[in-house]
Amino acid sequence: MTNQGLNLIPILLTFVGLLMLMYSLRPTAAICKKSQQKGWCLLYYLILFFVLGYLISLIRFVSAPVFTVEYLVHSLILVSGGLFVLMVTQLSHRSILQVEESTSREEYNALHDSLTSLGNRHYLHRAATSLIRERTSFTLLVIDLNNFRQINNAIGHYLGDELIRALSIKLRQHLPEQCSIYRMSGDEFTLLWEKTTDIELELLANQIHELLSSPLDIHGYSLHISASIGVSCYPRHSGNIEKLLQQAELAMYACKRRGSEYLVFSEELNQGAKEKLAIAARLKEALKSKEFQLYYQPVIESADSSVHGAEILIRWPQEDGSFIPPNLFIPIAEQSSMINEITCWVIQQCLLELPALKKAGFKGNLHINLSAKDMHNPSLVTQLKGAVSKGEIQPQQLIFEITESTMMTDINQARKMMTLLARTGFSFSIDDFGTGFSSLSLLKVLPLSQIKIDQSFVTDMEASSSNTSIVNSVIYLAKSLEYSVVAEGIEDRQTADRLCSMGCHYLQGYYFSKPLPLDSFTQYLQNQKTLVH
């Protein structure tokens with residue numbers, strides 16, 4: 001190779017090094033802008049300085065008349081330096097971008113629901129707090145699906161998730177753009193709506209219910225769903241997002257109880273919540289101080305009008321002679337583990353009062369109600385097995401009443417607990433039959449021996465031919481399955497006679513007796529008279 005050809009080598013190497021340095025300026029400037037660190041800014045200016053040095057070296061090599069090894073070594077160092085700077089800046093920039101992408105992804109996941117990609121509670125907090133800071137009025141609508149737990153248990157959790165996903169898509173597609181939708185929990189959504197007028201609110205609530213009225217097709221299942229909606233407004237009700245959410249949820253639960261389409265928060269609801277908190281605080285002390293009492297309502301044998309058994313009901317008397325209704329304190333107890341303690345107390349008190357019942361001639365079954373949380377209480381099984389082993393009671397003397405909704409809360413756990421107790425000899429009755437979500441499916445999978453017809457069908461039986469047909473069908477169904485049947489809510493002789501003619505095995509209601517405390521019930525047993533026929 002000629003001397004002129006050799007001269008090109010350091011020139012080309014230096015030029016390549018210069019290009020790499022210049023190419024590294026862009027990622028260095030980007031890093032400097034993102035990080036705001038002085039070190040990267042210093043590097044940026046150093047690279048500019050190096051570019052100037054490379055240019056000087058390049059001019060020197062171009063103007064050199066003779067090739068030397070020194071030039072070659074110099075140019076190799078320069079190209080290596082340029083490559084090093086380029087690699088450092090490119091890799092650093094790429095790493096920063098990956099960290100940013102990862103951080104962005106983590107932030108998105110932290111603010112969005114993984115199933116529906118809707119914003120979650122944290123995102124709602126951020127959005128609402130921003131509006132509050134700007135003093136922009138808005139409305140919160142908490143939407144809770146009715147009977148979703150039962151639907152979920154009936155079709156399976158996978159299809160339940162698909163239902164939630166399909167519903168979220170439907171809401172996003174059809175609700176106004178001013179509505180931001182968030183998923184708060186399993187079957188609860190919240191809308192953040194930048195409008196607050198009553199007329200617009202009513203139109204939006206009607207639109208939501210209209211959307212829900214059409215069934216959702218989920219893998220071949222046509223599912224009908226409904227919802228309860230609770231509403232709170234900023235700044236009308238509160239200036240705090242947590243309090244606004246709490247108020248909307250209070251309104252939603254009240255809406256669910258009343259069966260209305262939607263309900264706006266009011267101080268009346270807040271007062272009710274305070275009363276419930278006061279009751280919740282008193283429950284434990286009431287149990288410890290033995291303030292509760294057992295009441296007995298007789299279950300009558302239709303064939304001969306004798307007392308076949310009695311349903312045990314709990315009462316909470318007060319010092320002024322009034323009572324706190326069970327339908328008030330039992331749901332409060334069910335929200336905590338207190339319901340388990342109350343059930344265990346009822347069973348223990350029942351065992352203590354049983355000798356007095358036997359002395360009065362009682363030979364029937366005692367019906368005890370169980371809640372959904374009792375299905376998860378291993379202490380209940382231990383207590384009952386212990387009572388049987390000690391001879392305090394025979395399993396045949398107790399019948400546990402469980403509502404359909406209780407069993408559908410967790411059908412697998414209910415089946416497990418009921419099977420365990422049934423093997424010990426205890427019996428189960430399905431209470432309020434016909435009012436739940438999936439009665440016939442329960443009859444197939446659970447160890448039941450009795451059906452209790454809900455009083456809503458019995459009370460109006462004489463005035464409603466449809467109710468009469470339902471009662472007659474239930475009695476026929478029970479006999480076909482070799483179950484016994486109890487009809488509750490009987491208030492007159494005519495209804496009692498009609499049920500007897502239909503072949504109903506057992507009767508219960510105020511026509512025979514209201515629930516009585518122990519002393520009155522033992523007196524009732526001793527003075528029993530024929531009330532039917």
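Which loop does Asn147 lie in? Asn147 sits in the loop between β1 (138-145) and α5 (148-155), and the legends below come back to that spot. This is a predicted model, where local features need pLDDT of at least 70, side-chain atom pairs count only at pLDDT 80 or more, and totals for chains, interfaces and linings use all residues. Residues are numbered from 1 along each chain as its sequence is written, and side-chain values use heavy atoms, with hydrogens and water left out.

**View A. The domains, with a look at where domain 2 meets domain 3.** The protein chain splits into domain 1 (7-111), domain 2 (121-265) and domain 3 (289-532); these bounds come from an automatic or database domain assignment. Taken over C-alpha atoms, the centres of domain 2 and domain 3 are 37 Å apart. Five residues of domain 2 are in contact with six of domain 3 (contact means heavy atoms within 4.5 Å). Between them, the two domains bury about 520 Å², with 70% of it on carbon and sulfur atoms. Buried area here is the accessible area (1.4 Å probe) that two parts lose on being put together, summed over both. On the domain 2 side, Arg149, Gln150 and Asn153 supply 77% of the area buried against domain 3, more than any other three residues.

**View B. Helix α2 against helix α3.** Helices (H or I, at least four residues) and strands (E, at least two) are DSSP runs, numbered from the N terminus. The axes of α2 (residues 38-63) and α3 (residues 69-111) come within 12 Å and cross at roughly 155°. Axes are lines fitted to C-alpha atoms, for helices over the stretch in contact, and angles run from 0 to 180 degrees between N-to-C directions. α2 and α3 are therefore roughly antiparallel to each other (under 35 degrees counts as roughly parallel, over 145 as roughly antiparallel, 65 to 115 as roughly perpendicular, and the rest as oblique). Residues to look for include Trp40, Tyr54 and Phe61 in α2, and Tyr71, His74 and Val85 among those in α3. By class, the contact has 10 nonpolar, seven polar and two charged residues. Ala, Val, Leu, Ile, Met, Phe, Trp, Tyr, Cys and Pro count as nonpolar, Asp, Glu, Lys and Arg as charged, and the others, Gly among them, as polar.

**View C. Asn147 and the α5/α6 pair.** Asn147 has a positive phi of about 60°, although it isn't a glycine. α5 packs on helix α6 (residues 157-174) at an angle of about 130°, with the axes 6 Å apart. That makes α5 oblique to α6. Phe148, Ile151, Asn152, Asn153 and Ile155 of α5 make the contact with His157, Leu159, Gly160, Leu163 and Ile164 of α6. That set has six nonpolar, four polar and no charged residues.

**View D. Helix α10 against helix α11.** The axes of α10 (residues 326-334) and α11 (residues 338-359) come within 6 Å and cross at roughly 120°. That makes α10 oblique to α11. Ile330, Ala333 and Glu334 in α10 meet Met338, Ile339 and Ile342 in α11.

**View E. A cis peptide bond at Pro235.** Tyr234 and Pro235 are joined by this cis bond, with omega about 5°. Pro235 is found in the loop between β6 (227-234) and α8 (241-258).
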